[in-house]
Amino acid sequence: MKQKKPRLAEPEKEVLALIESLHENSRRLEELTGGEVDTVANRDGQTFMLRHAQDRLRQSEAAKQAAILNALPAHIALLDTHGFITSVNDAWERFPGEDAIQQPGYEIGLNYLEICDKAQGDNAADVHQIARGIRSVLEGTASSFSIKYATHPPGGQSWFLLTVTPLAEDYRSGAVVMHLNITEQRQHAVQHKIMEEALFDEKERAQVTLNSIGDAVLCTDRSGNITYLNAVAENMTGWSYQEAASQPVGKILNILGSKTRQTLPSPPEMEAAQDRTMHLPPHCILIRRDGSELPVEESVAPIHDREGEVTGAVIVVRDVSAVRTMVLQMAHSAHHDSLTGLPNRLLMNDRITQAIALAQRHMKKVGVLFLDLDGFKHINDSLGHPIGDKVLQSIAERLVGCIRAGDTVSRQGGDEFVVLLSEMEQLEDAALAARRMLQAVAEPHSADERNLHVTASIGVSVYPDDGLDAETLIKNADTAMYQAKDNGRQSYQFFKPAMNVRAMERQFIEEELRGAIERDELTLHYQPKIDLKTGAITGAEALIRWTHPTRGSVSPGQFIPVAEACGLILPISAWVLRKACLQARTWLDAGLPVTTMAVNISAIEFREENFLQGLFAILSETGMDPKALELELTESVLMKRAEAAADVLQILRGKGVRIAIDDFGTGYSSLSYLRKFAVDALKIDQSFVRQISAGGDDATIVTAIIGMARNLKLRVIAEGVETIQELNFLQNNQCDEAQGYYFSRPVPAEQFAMLLENRDALGAAGIARPAQQ
Ligand code: C2E
Ligand code: MG
Ligand code: MG
């Protein structure tokens, strides 16, 4: 079986060439001697001479060959056909290591094949294979044999290439065994391979990186022609690499200044001039191959060769469209309200300032309208914020619909909007706008299949009359808005300087009222209600009193509205109710004949979700009989949310709590509701009572109310009775009960107890002497 010739390394070739030359010399010798030396000698009769010549030639050839073989770095041995070592070179003696194959003593005369066959140890398998290879050459089944094997001498691993070739063309003359140390070569090859792989990895990594970064990367040569585009660059420019290759970069990367629309110098030009990384000015536009535009940012860096010479440039182009959009969005959201999209406080201040400057030049006015929704908190609390948000959006839309092109509607936050009317001719323009807005807001708003009704209050301030800067104008419009709310909601109010005094007053009260309970500044006074038939005290109305340490007494008319506006009313109301109930219990326990304790309930308190819960908790905590409690509610409180109010009243009545409608006649009661409400009594407002003595319409109103109450089977109580005439009139018109200074002012508890004990203590006219019938 012929074996394929192995590829040979350089030193190996050299050795084989030498061996080849040995063969050649041998052949020449044969030619010279004619093959048969003896025959030639006999024929020519010059045997000795010839032999001598032959010997000399042989010797000199052998010496030459030995010298050559010894000079070789390879370890060479000649084997005879049986595998006996017939000759070795010097290097053979210096075979390193202690492996089976390289044991010292493989000397001439030993059988190499046998030695190899017996090999044991690490590389025994290789050695056995070598033996097989040598045999195949010696037997002529292979023309040559070679194998690379490793040895493991103590100094480290070495690699050898073993080649076995027949000594002559005729395999029968034995073989040449040559071990060539290829450790160094092999190390070089391994290192080369490692380097090659590292280089490949590096290239691959660079390629993947370039294709996976979000930026376009383009490379050019020294003359600015494209040598590389990554995938992003292909996408961004619209040029494929194949199309762009060797094209001038300016053709592929057409960049303009976004403002100037001038083509910017080609990046390599700039870079070449500078020989350093450069960034293009911001706000550049890339004109893509299809003509579309893309906002970009760009940087250019030179590529140097080993000598530091610039060989080209790398251009990195970033698509900044998303960033620019975001910047624009951020600028927008810094100046706009996210819910309604309207300008915010910041932008509004700016617009007002601009409008003032313009108005000043044109001798015009500027109107600032501060709009606040009435009771919007209630919508948010009861229907949830998502509905509240929808209502706010709907209101924003309507307000925008009410203004002219140059005007601005802004949202200040919460349920507050500020409207700027620029270049106003006259005050009436602002009034008109305010009325339009009130009407627009009052139209029902649909949110989640509901129709919601909202009203607003508007305060108006005007430049230059009410302020010379945005801040003052807004502040004064806000103050006027509070006045509008006080006047009864859904109205507008122009600012008046006196309002500032009121606003400061409100602020003072709010600050001072906080902690008034803890500081024990609040007390209750009680005013008796008198049965006009018997003159008996039927009950007491609890009225709050606040004695401020420096101000002295502050009337409820002053501080209750402030407490309502800032939420302080809730803790105050709870305090009043608890205190009044405890007082009633004390009197009842003392055997004093007070049948009812009336407590005033504020609108805010009544609409509070936990109103009933809180009330019943206090009743049970104080041990107060619910039947002895009367709640005084004004008409407007009940009518605001009549349906819900009716339910609450029903529950209260179920528990035995009585209800009186306070200040009756001043609000707008719907008679049909009045019939439905579980009400026990009407209290005629003192403004009507006051007019009794004056005669005229108001007296008629009193009789009408009394008549109506009787019809509805309600008790009727006249408030603020101060004179005997008023008392007489009421008695004559079958009014059930009365209350007023004529009988007694509201008095502290101890004094009221005295009234209960001694009816004669009642006012001058006394109830002991009811007016003549
Ligand atoms: P109101 O419930 O209508 O109370 C009657 C007011 O008329 C009381 O004023 C009382 O002092 C006054 N008054 C009684 N008789 C006469 C009279 O013959 N002539 C005159 N001129 N006035 C008379 P007050 O105490 O200043 O309270 C004013 C309002 O403040 C009350 O009106 C009530 O709405 C509210 N208020 C008083 N105390 C409380 C309270 O504890 N809670 C709540 N939520 N409101 C209260
Ligand atoms: Mg009252
Ligand atoms: Mg009243």
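Asparagine 380 has its place in helix α14, which covers residues 376-383. Please keep in mind throughout that this is a predicted model. Is asparagine 380 buried or exposed? Its relative accessibility is 15%, and because buried means under 20%, asparagine 380 counts as buried. Leaving aside residues up to four places away in sequence, asparagine 380 touches His385 and Gly388.

Let us turn next to strand β13, residues 365-374. Nine of the 10 residues of β13 are buried, so the rest of the structure largely encloses this strand. Where does β13 sit in its sheet? The sheet is open and has five strands, in the order β14-β15-β13-β18-β19, and its pairing is mixed. At the edges stand β14 (408-413) and β19 (492-494); each has a single partner strand, so one side of each lacks a neighbour in the sheet. From one strand to the next, the twist averages 20°.

Now for the pairings themselves. As background, strands of a sheet pair through backbone hydrogen bonds, either parallel or antiparallel. β13 and β15 run antiparallel and are joined by seven bridges; in one of these pairings, leucine 371 has phenylalanine 417 of β15 as its bridge partner. Towards β18, β13 is again antiparallel, with nine bridges between the two strands, and here valine 366 is partnered by tyrosine 463. Serine 410 has valine 418 in β15 as its bridge partner.

A helix also packs on this sheet: α16, residues 427-442, touches β13, β15, β18 (455-463) and β19. The direction of α16 makes about 165° with that of β18. Since angles over 145 degrees count as roughly antiparallel, α16 and β18 can be described that way.

Further along the chain there is a helix pair worth a look. Two packed helices are described by the angle between their axes and the distance between the axes. For α22 (residues 611-622) and α24 (residues 642-655), the axes come within 11 Å and cross at roughly 15°. That makes α22 roughly parallel to α24, and the crossing is right-handed. Which residues meet there? Phe611, Leu612, Leu615 and Phe616 from α22 meet Val648, Ile651, Leu652 and Lys655 from α24.

Finally, the metal site. The magnesium ion (ligand 2) is coordinated by Glu541 (OE), Asn600 (OD1), Glu632 (OE) and Asp662 (OD), at 2.0 to 2.2 Å. Along the chain, these donors follow the spacing E-x58-N-x31-E-x29-D. Asparagine 600 is partly exposed, with a relative accessible area of 28%, whereas aspartate 662 counts as buried at 7% relative accessibility. Aspartate 662 also bridges the magnesium ion (ligand 2) and the magnesium ion (ligand 3), and the two ions lie 4.1 Å apart.

Notes. Residues are numbered from 1 along each chain as its sequence is written. Chains are lettered from A and ligands numbered from 1 in the order in which they are written. This is a predicted model: local features need pLDDT of at least 70, side-chain atom pairs count only at pLDDT 80 or more; totals for chains, interfaces and linings use all residues. Side-chain values use heavy atoms; hydrogens and water are left out. Donors are N, O and S atoms within 2.8 Å of the metal (3.2 Å for Na, K and Ca); water is not among the atoms, so sites may look incomplete. Buried means under 20% relative accessible area, exposed over 50%, partly exposed in between (1.4 Å probe, protein chains only). Two strands pair if DSSP finds at least two bridges between them. Helices (H or I, at least four residues) and strands (E, at least two) are DSSP runs, numbered from the N terminus. Axes are lines fitted to C-alpha atoms, for helices over the stretch in contact, and angles run from 0 to 180 degrees between N-to-C directions. Contact means heavy atoms within 4.5 Å. Angles under 35 degrees count as roughly parallel, over 145 as roughly antiparallel, 65 to 115 as roughly perpendicular and the rest as oblique. A crossing is left-handed if the near helix is turned anticlockwise from the far one by less than a right angle, and right-handed if clockwise.
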